[in-house]
Amino acid sequence: MTVSGVNKIIITAACLLLVHSTLFGQQEKEYIRKGNRLYKKSEYTGSEGMYRRAQAQERSTYDSGFNLGDALYKQGKFSEAASEFMKTAKGSDADSVKQAQSFYNLGNSLLKDQKFEESINAYINSLKLDPGNVEAKYNLAYAQDQLKKQQQQQKDQQQDQNKKDEEKKDDQKQKDDQQQKQQDQKDQQEQQQQQGQDQQQQQSISREDAKRLLDALSANEKDTQEKVQRDKAARAKVRVIKNW
């Protein structure tokens with residue numbers, strides 16, 4: 001079954017109870033009739049207004065809420081329509097036919113809103129009350145197929161995201177490794193520079209120590225030479241005195 005075929009079924013089914021009106025409250029009934037006339041002219045905004053007036057009446061009935069859901073559905077307000085059909089489904093538990101129709105239209109609204117899992121539950125509830133609704137069976141199968149596609153798409157998207165996250169982590173790791181390598185090289189260069197400076201400083205100190213040592217040795221040698229000369233002079237004087 002094609003998508004267009006499903007859409008046709010949904011739109012037709014959404015209008016099933018449009019012509020129904022209530023016996024309770026003449027004012028509500030009049031608003032519903034006016035809303036129905038506008039609806040048939042495709043004036044859905046105006047019909048929505050009439051149905052809301054009918055719904056605002058004291059002891060408003062099932063039909064005003066159901067028809068309001070139809071008018072909202074026709075305007076593409078699927079979430080609002082679903083809300084109205086949910087109310088009519090809960091409020092019509094005493095009438096299995098009306099409740100089945102409400103669940104069916106609830107399923108249609110949710111399906112249009114791409115809430116496939118919720119629409120499946122709505123169609124199942126409708127079929128429990130009205131097993132012979134062929135359109136509900138078709139739409140249920142379509143919703144189940146769309147849910148599988150949606151889940152597969154979400155799975156693929158998650159896998160793609162995981163892959164992107166891993167690639168991002170790998171890229172960041174490469175950047176971190178590159179930065180660490182550059183930092184290590186910088187630290188090594190600074191260490192080598194420091195070692196060179198230390199060696200130069202040690203060499204400078206060694207030269208200064210050597211100079212001081214040489215100066216000390218020179219001073220000691222000079223002192224020694226002077227002492228030797230003094231000793232020689234003293235011995236010479238002694239010999240002279242002896243000879244005389």
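1. Is Leu214 buried or exposed? Leu214 is exposed, because its relative accessible area is 54% and the cut-off for exposed is over 50%. This leucine is found in helix α8. Together with Leu213 and Leu217, Leu214 makes a nonpolar surface patch of about 310 Å². Like everything below, this comes from a predicted model.

2. The overall make-up comes next. Of the 244 residues in the protein chain, 29% are buried. The chain exposes about 16800 Å², and carbon and sulfur atoms supply 48% of that area. Among contacts with a separation of 6 or more, 55% are between residues 24 or more positions apart.

3. Helix α8 covers residues 134-243 and includes Tyr138. Tyr138 counts as partly exposed because its relative accessibility is 44%.

4. Asp165, Glu166, Glu167, Asp170 and Asp171 gather in it. One of these residues, Glu167, is found in helix α8. Glu167 has a relative accessible area of 41% and is therefore partly exposed.

5. A search of the whole structure finds 7 of them. One of them joins the side chains of Lys77 and Glu48, at 3.4 Å from N to O. This pair links distant parts of the chain: Lys77 is in the loop between α4 and α5 (78-91), Glu48 is in helix α3, and they are 29 residues apart. Lys77 is partly exposed because its relative accessibility is 31%, whereas Glu48 counts as buried because its value is 9%.

6. A second salt bridge brings together the side chains of Glu80 and Arg52, at 3.6 Å from N to O. Here too the pair links distant parts of the chain, with Glu80 in helix α5 and Arg52 in helix α3, 28 residues apart. Glu80, at 39% relative accessibility, counts as partly exposed. Arg52, at 34%, also counts as partly exposed. How are Glu48, Arg52, Lys77 and Glu80 linked? These four residues are linked in a network of salt bridges.

7. Lys87 and Glu84 form another salt bridge, with the closest N and O atoms 3.7 Å apart. Why are Lys87 and Glu84 separated by about one helical turn? The two residues are 3 residues apart in helix α5, so about one helical turn separates them. Lys87 counts as exposed because its relative accessibility is 52%, while Glu84 counts as buried because its value is 7%.

8. Two backbone angles are worth checking in the model. Arg59 is not a glycine, yet its phi is positive, at about 55 degrees. Arg59 lies in the loop between α3 (44-55) and α4 (62-74). Its relative accessible area is 65%, so Arg59 is exposed.

9. Gln114 also has a positive phi, of about 60 degrees, although it is not a glycine. Gln114 is found in the loop between α6 (96-112) and α7 (116-129). With a relative accessible area of 55%, Gln114 is exposed.

Definitions and conventions
Residues numbered from 1 in each chain as written. Predicted model: local features only at pLDDT ≥ 70, side-chain atom pairs only at ≥ 80, totals over all residues. Heavy atoms only, no water. Helix = DSSP H or I, 4+ residues; strand = E, 2+ residues; numbered from the N terminus. Buried < 20%, exposed > 50% of the residue type's maximum accessible area, 1.4 Å probe, protein only. Patch = residues over 30% accessible without salt bridge, like charges linked within 9 Å, V, L, I, M, F, W, Y side chains within 5 Å. Areas by Shrake-Rupley, 256 points an atom, 1.4 Å probe, with all protein chains shown as cover. Contact = heavy atoms within 4.5 Å. Lys, Arg positive; Asp, Glu negative; His and termini not counted. Charge placed at Lys NZ, Arg CZ, Asp CG, Glu CD.
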